[in-house]
Amino acid sequence: MNTHPLITAVELSTLLSDPSSAPVVLDVRWSGPGSANGRTAFQDGHVPGAHFVDLETVLAEPAGEGGGGRHPLPAPERFESGMRSAGVTAERPVVVYDNWKSIAASRAWWLLRHFGHDDVRVLDGGWGAWQTAGFPVETGPNEGVEVGAFEASEPRLAAIDADAAGRIAAAGTLIDGRPANRFRGEDETVDPVAGHIPGAKSLPATELVSADGTFLPAAQLRERFASLGIDGSAPAASYCGSGVQACHVALAAAVAGVTDDLGLYAGSWSDWITDPSRPVATG
């Protein structure tokens, strides 16, 4: 099992040059915030041999069918089928990347580990890092995928619900990974209710990476988490708008060496606000 959740473009290129060590590469460019159509972008150019994975249909259940929020965690059967279609097996390592600060890739990283794949890393800097390094680019749909034999195990990571999120906000540290203005209840353009879970603390996922999309140094990330009081002495978890950026916060915690299993409230704010009895804070 790899001890570090990130891989550089140079390291990935080296692995791909040797068929005996080549990982399965998943392109998770998402047709969401900060991204053009993911599948179209993939066909225009991708890491050679990579397979496109759609966040909306593989890394999430349809909204309203798998629980609360816009991106409910996928059922094991859905995720297993999607990973097999992308050639994933238990025996080969997996590398995931996107073109949006590794936010979508972090969702795939979290889910693979959640459902039993130990050897998965995120390409630090994503598609931009690969292009900047000048490595080969492949185009087209890459339809010749050998179906993998991945089997989803029993869920392993700490996935929590709204009640648990409220308890952690009161007795531990609940991190809100959305932009700070949305945390404060300002400029809300996504959800019908503005604000945050009372007691939560703001740590925007987009501020955990550098301008080039690579993660901040581990020491800086540790300082960010320490400033919120996360030291292992009390429960901690993350949430965001729909459970995607929250995975990015979990990845940053692993990069920092703080914890490799930061709790995840996957339903996040879009689930929290579906119950009018749940409190809302602003400011």
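Residues are numbered from 1 along each chain as its sequence is written. Because the model is predicted, local features need pLDDT of at least 70, and side-chain atom pairs count only at pLDDT 80 or more.

An open sheet of 5 strands runs in the order S6-S10-S9-S7-S8, with parallel pairing. Strands (E, at least two residues) and helices (H or I, at least four) are DSSP runs, numbered from the N terminus. Two strands pair if DSSP finds at least two bridges between them. S6 (159-160) and S8 (201-202) form the edges, each with a single partner strand. S9 (residues 236-239) pairs with S10 in the parallel sense over 2 bridges. Alanine 237 has glycine 263 of S10 as its bridge partner. Helix H7 (residues 162-171) packs on the sheet and touches S6, S7 (173-176), S9 and S10. Contact means heavy atoms within 4.5 Å.

Helices H5 (residues 103-114) and H10 (residues 245-256) pack at about 75 degrees, their axes 8 Å apart. Axes are lines fitted to C-alpha atoms, for helices over the stretch in contact, and angles run from 0 to 180 degrees between N-to-C directions. H5 is thus roughly perpendicular to H10 (65 to 115 degrees). Contact residues include Trp109 and Trp110 of H5 and His248 and Leu251 of H10.

Glycine 267 lies in the loop between S10 (263-265) and helix H11 (268-272). Glycine 267 is buried, with a relative accessible area of 11% (buried is under 20%, with a 1.4 Å probe and protein chains only). Not counting residues up to four places away in sequence, glycine 267 touches Gly68, Gly69, Gly241 and Ser242.

Methods
Heavy atoms only, no water. Buried < 20%, exposed > 50% of the residue type's maximum accessible area, 1.4 Å probe, protein only. Parallel < 35°, antiparallel > 145°, perpendicular 65-115°, else oblique.
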